[in-house]
Amino acid sequence: MTKHTQGPWGLSDDGFVVFGPAPDGWGIAQILLYDRKTPGGIDKEEQKANAKLIVAAPELLEALETAVRWLRRLETEYKGCLNEDAIDKHLMKAVVKAKGE
C-alpha cells in the first residue's frame, strides 16, 4: 500500500491547487505564488509548470515502476542484456525517493 494519495490528480482552474480523488475534496498541495522581485521568486508560468509536474507524479511513478518490472524481466530472460546495477542506481533510486522509503 502506498502512502501518497492515489491518482489521478488534477489541477484547479487557476492552476495553483493540486487535487486528488479525496472524498473530502481537500487539495493535496498548493503552489505558492511569489512575485519575481522577491528572493527566489519565479513567474506564474513556471509555477504553473511546476504544478503540472506535481499533478503528473502518480502516473510518472506508476510508469517508472512498470518500466523497472519489465527491465528486470528482460534481464532474467536475457542474462547480461541490461546493467542491473544501473536499474538499481538510477531507476529504483527515483522510486524509493518518490515513496519516501
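Axes here are lines fitted to C-alpha atoms, for helices over the stretch in contact, and angles between N-to-C directions run from 0 to 180 degrees. The model is predicted, so that local features need pLDDT of at least 70 and side-chain atom pairs count only at pLDDT 80 or more, while totals for chains, interfaces and linings use all residues. Residues are numbered from 1 along each chain as its sequence is written, and side-chain values use heavy atoms, with hydrogens and water left out.

**View 1. Packing of helices α1 and α2.** The axes of α1 and α2 come within 10 Å and cross at roughly 155°. That makes α1 roughly antiparallel to α2, a term for angles over 145 degrees. Contact (heavy atoms within 4.5 Å) is made by L61, L64, E65, V68, L71, R72 and E75 of α1 with E84, I87, D88, L91, M92, A94, V95, A98 and K99 of α2. The crossing of α1 past α2 is left-handed, meaning that the near helix is turned anticlockwise from the far one by less than a right angle.

**View 2. Secondary structure of the protein.** The protein has 2 helices and 3 strands, in the order β-β-β-α-α along the sequence. Helices (H or I, at least four residues) and strands (E, at least two) are DSSP runs, numbered from the N terminus. Of the 101 residues, 18% count as buried, that is, under 20% relative accessible area with a 1.4 Å probe and protein chains only.

View 3. Helix α1 covers residues 44-77, and its 34 residues should span 50 Å at 1.5 Å a residue. Its end C-alpha atoms are 48 Å apart, which agrees. The expected span is 1.5 Å times one less than the number of residues. A kink of about 50° lies at A57, shortly before the proline P58; the bend at a residue is the angle between axes fitted to the seven residues ending there and the seven starting there.

**View 4. Buried residues of helix α1.** Q47, A51, V55, P58, L61, V68 and E75 of α1 are buried. Their cover includes β1 (10-11), β2 (17-19) and α2 (84-99). Q47 has a relative accessible area of 1%. Between Q47 and F16 the C-alpha distance is 7.7 Å, with 31 residues separating the two in sequence.

**View 5. Helix α2 and its end.** The 16 residues of α2 reach 21 Å from first C-alpha to last, close to the 22 Å expected. At M92 the helix α2 bends by about 35°. G100 follows α2 and has a positive phi, near 70°.

Conventions
Buried means under 20% relative accessible area, exposed over 50%, partly exposed in between (1.4 Å probe, protein chains only). Angles under 35 degrees count as roughly parallel, over 145 as roughly antiparallel, 65 to 115 as roughly perpendicular and the rest as oblique.
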